[in-house]
Amino acid sequence: MIWLPVLGLILGVGIGFAVNVTIPVAYSSYLSIAILAALDTVFGGIRASMEKTFDGAVFLSGFFFNTLVAALLAYIGVQLGVDLYLAAVVAFGVRLFQNIAVIRRIAFNRMHTRRTRAPEGGHLPPADSR
Amino acid sequence: MIATRTKLTLSLTVVAVVLGFMISVQYKQQASARVTPVPMARDTDEQRMVTQLDALKQANAQAQKELADITSKLSVYEKQSAGSDGSLKQLQQVLQDERILAGLTAVTGPGVSVTLMDGVAKGGDVSQYLTHDWDIRSVINELFTAGAEAVSINGYRVVATSGVFCTGPVVRVNDHRIGAPFVIQAIGDPQTLKSALTQQGGVLDALRQRGVNVSDPQIQQVIKMPPFTAGPTAGGDTSGDGEG
């Protein structure tokens, strides 16, 4: 069950390589920013699922919305001559690392609680050591 | 619990498929850009220049055609305006002669044609078997001296300002690069021109003695010659080329 997303990722990569889709070089940066947004959303979703606050609708809408908004932001930035995509890169990058950090700590916490057989409840340590 | 878990997995899967697709597309793009960045750029640049060159050549040819058209119209008008006035007619005739000499108009008439080719080297100095620019010059000079009214090399008109220069393996005539065989045509009195070329110890004899492949001068009743063109034109469209 948990391997289904991984299989999906592999499937997506396979489709991408099999289908001969090329994006004009000018729009290549939009795709990269969209990928960053998507990555951020995916890690956000994983974190939410670990924190048991996952909402499918929020997750899916967030994924597509963030992706599109990021590309749109990059487009506006190009039109205005301001490197707005940098803002998206920084924002998504920071969020990405935060999410990964949270996921890591949750995972460690779970391993710890399982090993020591501490009281159940998914208690989180205070988020101060990012 | 199961429902949320299924939902989670499903949405994650959907997102993962899209993400994987995007990543692979981007990767492919980046990889192809890494492999052939410079040749692609050069290719497009080259193609652009080739297209430009073609367009210029076409425009050039078009302009040449227009020029010839206008010149012929002009001569028609002049003929019409000559009318009955005797002195004016004479002046027009002189003008026409000068025009022909200057190579401004296409001319047609009887004349001779001779072809110079590089001879087959049989040892010794190779350069003596080749047709040089001065060989062509001496033939042309001989023809003009014998009274040729118009001379052309491979369809390119030779006028007073024309130069015949050696540029490596080819010869430049009016900035057109031409290679052997050189077909030299001259309009004028065919008999006089022919005898001027074929006289004993003349230019052609001297060339033959050196081993250059020289054809016998051929008398042709109708030789068509294009007007003088200064620069390179597209694909020799204005050249009468050879046996006119």
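Asp40(A) and Arg95(A) form a salt bridge in this predicted model, and their closest N and O atoms are 2.6 Å apart. A salt bridge here is a side-chain nitrogen of Lys or Arg within 4 Å of a carboxyl oxygen of Asp or Glu. The pair links distant parts of the chain, since Asp40(A) sits in helix 2 of chain A and Arg95(A) in helix 4 (residues 84-116) of chain A, 55 residues apart. Helices (H or I, at least four residues) and strands (E, at least two) are DSSP runs that are numbered from the N terminus. Asp40(A) is buried, with a relative accessible area of 1%, whereas Arg95(A) is partly exposed at 40%. In these terms, buried means under 20% relative accessible area, exposed means over 50%, and partly exposed lies in between, with a 1.4 Å probe and protein chains only. Side chains of opposite charge can pair when their charged atoms come close.

Residues are numbered from 1 along each chain as its sequence is written, and chains are lettered from A and ligands numbered from 1 in the order in which they are written. Because the model is predicted, local features need pLDDT of at least 70 and side-chain atom pairs count only at pLDDT 80 or more, while totals for chains, interfaces and linings use all residues; side-chain values use heavy atoms, with hydrogens and water left out.

Chain A, to which this pair belongs, has four helices and zero strands, so that its elements, followed from the N terminus, run α-α-α-α. Of the 130 residues in chain A, 31% are buried. The UniProt record, an unreviewed entry, places the feature "transmembrane region" at residues 28-46, 58-78 and 84-107 of chain A, and such annotations may be inferred rather than shown by experiment. In the model, residues 28-46 of chain A are 100% helix and 0% strand, with end C-alpha atoms 27 Å apart, and residues 84-107 of chain A are likewise 100% helix and 0% strand, with end C-alpha atoms 35 Å apart.

A further salt-bridge group is found in chain B. Arg208(B) meets Asp205(B) in a salt bridge of 3.6 Å, N to O, and both residues lie in helix 6 (residues 203-210) of chain B, three residues apart, about one turn of the helix. Arg208(B) is partly exposed at 32% relative accessibility, and Asp205(B) is partly exposed at 27%. Over all chains, a search of the whole structure finds six salt bridges.

Patches are made of residues with over 30% relative accessible area and no salt bridge, where like charges are joined within 9 Å and nonpolar side chains (Val, Leu, Ile, Met, Phe, Trp, Tyr) within 5 Å. A nonpolar patch of about 720 Å² is made by Ile2(A), Trp3(A), Leu4(A), Val6(A), Leu7(A), Ile10(A) and Leu10(B). Its largest share, four residues, comes from helix 1 (residues 4-18) of chain A, while Leu10(B) is found in helix 1 of chain B.

Two residues deserve a look for their backbone angles. Most residues other than glycine have a negative phi. Lys52(A), although not a glycine, has a positive phi of about 60°; Lys52(A) lies in the loop between helix 2 (28-50) and helix 3 (56-80) of chain A and counts as exposed at 58% relative accessibility. Asn154(B), also not a glycine, has a positive phi of about 45° and is placed in the loop between strand 2 (150-153) and strand 3 (156-158) of chain B, where Asn154(B) counts as buried at 11% relative accessibility.

Finally, for chain B the UniProt record, again an unreviewed entry, lists residues 46-80 as "coiled-coil region". In the model this span is 100% helix and 0% strand, and its end C-alpha atoms lie 51 Å apart.

How values were computed. Accessible areas come from the Shrake-Rupley method with a 1.4 Å probe; for residues, only the protein chains shown count as cover.
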